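Trainee: Could we go through this structure together? I would like to start with the overall layout.

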Amino acid sequence: DRTRARTIGLTKTFDLDNGKLLEINYENTTLSSNQLQITYPGISATYYVHSVVKNGYTNKGQIIGAGIGPGSNSDIMWVNFYNPNGKLGFTFQRIRFNDDYLVNAYVGVEDEPTDYEITVGADYVRIFDRFSINPKLYLIYRNNLLFEDNEQNNFMFSISAKYFLKK
């Protein structure tokens, strides 16, 4: 438990009538250290905050980390409904950023400014004869960005189109 990180995921697919599928996915990533160990410096380092490594995947000698950031935790769940003409999907994600820093910097503080983000979204794929379209919409709520007292709301919308060269 001293220097661990983990990602655990589950997927279940249900075969529905007429070539339709329902897929439910869940994934949990934990990169934060054991909170009892982190309060004693030198016992447990933050995962993905390392000195130069000599092998593995690196960028200029620094180990490449997870997209959620060092010492962070994440839960994501998505549900997809597939049919012969495309897909409709829904996503829910929670990221709690840099818990290792939070535990050290705000030790003994009752109302610490936890930096977290909640994302809900939907995406749709419609397949036609020789092309497809894919609109996506995500709503994002961020609380205490960089551990400062603030709230931010954002949204992301995109649409893409693909043309298939071969049928």
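**Layout and contacts**

Mentor: Along the sequence, the elements of the protein follow the pattern β-β-α-β-β-β-β-α-β-β-β. Helices (H or I, at least four residues) and strands (E, at least two) are DSSP runs, numbered from the N terminus. This is a predicted model, in which local features need pLDDT of at least 70 and side-chain atom pairs count only at pLDDT 80 or more, while totals for chains, interfaces and linings use all residues. Residues are numbered from 1 along each chain as its sequence is written, and side-chain values use heavy atoms, with hydrogens and water left out.

Trainee: How many helices and strands does the protein have?

Mentor: There are 2 helices and 9 strands.

Trainee: What share of the residues is buried?

Mentor: Of the 167 residues in the protein, 28% are buried. Buried means under 20% relative accessible area, exposed means over 50%, and partly exposed is in between (1.4 Å probe, protein chains only).

Trainee: And what about contacts between residues at least 6 apart in sequence?

Mentor: Among those contacts, 51% join residues at least 24 apart. A contact means heavy atoms within 4.5 Å. Take Val 125, which is found in strand S7 (residues 116–127). Leaving aside residues up to four places away in sequence, Val 125 touches Asn 85, Gly 86, Lys 87, Ile 133 and Asn 134. The C-alpha atoms of Val 125 and Leu 88 are 6.5 Å apart, although 37 residues separate the two along the chain.

Trainee: Let us change topic. How many salt bridges does the structure hold?

Mentor: The structure holds 5 salt bridges. A salt bridge is a side-chain nitrogen of Lys or Arg within 4 Å of a carboxyl oxygen of Asp or Glu. One of them pairs Arg 94 with Asp 75, with the closest N and O atoms 2.5 Å apart. Arg 94 lies in strand S6 (residues 86–96) and Asp 75 in strand S5 (residues 73–83), so this pair ties together parts that are 19 residues apart in sequence.

Trainee: Is Asp 75 buried or exposed?

Mentor: Asp 75 is buried, with a relative accessible area of 17%. Arg 94 counts as partly exposed, at 24% relative accessibility.

Trainee: Which parts does the pair of Arg 142 and Asp 115 tie together?

Mentor: Their side chains meet in a salt bridge (2.7 Å, N to O). Arg 142 lies in strand S8 (residues 131–143) and Asp 115 in the loop between helix H2 (99–105) and S7, so the pair ties together parts that are 27 residues apart in sequence. Salt bridges that share partners also join Asp 115, Glu 117 and Arg 142 into one network.

Trainee: Now the surface. Which residues form the negative patch?

Mentor: Glu 110, Asp 111, Asp 149 and Glu 151 form it. Patches are made of residues with over 30% relative accessible area and no salt bridge, with like charges joined within 9 Å and nonpolar side chains (Val, Leu, Ile, Met, Phe, Trp, Tyr) within 5 Å. Lys and Arg count as positive and Asp and Glu as negative, while His and the chain ends are not counted. The place of a charge is taken as NZ of Lys, CZ of Arg, CG of Asp or CD of Glu.

Trainee: Where is Glu 151 found?

Mentor: Glu 151 is found in strand S9 (residues 151–163), and at 57% relative accessibility it counts as exposed.

Trainee: Which strand gives the most to the nonpolar patch?

Mentor: Strand S9 does, with 3 residues.

How values were computed
Accessible areas come from the Shrake-Rupley method with a 1.4 Å probe; for residues, only the protein chains shown count as cover.
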